[in-house]
Amino acid sequence: MHFNHLMKPQFIERRRCKKTNDTCYFMPVGNVRSTQGENIHMTMICRNCGIREDIFLSKEEYSTQQQLIQKEIRDAQTS
């Protein structure tokens, strides 16, 4: 499952996958950290070309997707 919907639309429109020349297929990886102002920092990686991007979500945005994000991170760490 990709998590492109968590990225800003203007970013997704500009970013092209270096491997497929299509939209990158972003998935969460690594640690999820809280920041000031009740924001959440996540690192996303394209599963095709490997480019990394950092995103910030509000507490509400993160809590909506929390179970899926944590499952995807566990799957990425075990593979």
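Which residues does L57 touch, not counting residues up to four places away in sequence? L57 touches L6, E38, N39, I40, M42, Y62 and I69. Contact here means heavy atoms within 4.5 Å.

This is a predicted model, in which local features need pLDDT of at least 70, side-chain atom pairs count only at pLDDT 80 or more, and totals for chains, interfaces and linings use all residues. Residues are numbered from 1 along each chain as its sequence is written, and side-chain values use heavy atoms, with hydrogens and water left out.

**Confidence**

pLDDT is the predictor's confidence in each residue, from 0 to 100. The protein averages 83, and 94% of the residues score at least 70. Confidence is lowest in α1, at a mean of 76, and highest in β2, at 90. Helices (H or I, at least four residues) and strands (E, at least two) are DSSP runs, numbered from the N terminus.

**Sheet**

Three strands form an open sheet in the order β1-β2-β3, with antiparallel pairing. Two strands pair if DSSP finds at least two bridges between them. β1 (26-35) and β3 stand at the edges with a single partner strand each, so one side of each is left without a neighbour in the sheet. From one strand to the next, the twist averages 25°. That angle is taken between N-to-C directions, from 0 to 180 degrees, with axes as lines fitted to C-alpha atoms, for helices over the stretch in contact. Seven bridges join β1 and β2 in the antiparallel sense. S34 stands opposite I40 in β2.

**Core**

The largest nonpolar core has 18 residues. Such a core is a set of buried Ala, Val, Leu, Ile, Met, Phe, Trp, Tyr and Cys residues joined through side-chain atoms within 4.5 Å. L6, F26, M42, M44, L57 and I69 touch the most other members. α1 (9-14), β2 (39-46), β3 and α2 (59-78) each supply at least two residues. β2 gives the most, with four.

E53 lies in strand β3 (residues 52-58). Leaving out residues up to four places away in sequence, E53 touches M7, F11, R15, F26, M42, T43 and M44.

**Burial and cysteines**

Buried means under 20% relative accessible area, exposed over 50%, partly exposed in between (1.4 Å probe, protein chains only).

| Residue | Relative accessible area | Class |
|---|---|---|
| E53 | 16% | buried |
| C24 | 1% | buried |
| C49 | 27% | partly exposed |

A disulfide is a pair of cysteine sulfur atoms within 2.5 Å. By this rule the count is zero. C24 is in no disulfide; its nearest cysteine sulfur, that of C46, is 3.7 Å away. The sulfur of C49 is also 3.7 Å from its closest cysteine sulfur, in C46, too far for a bond.
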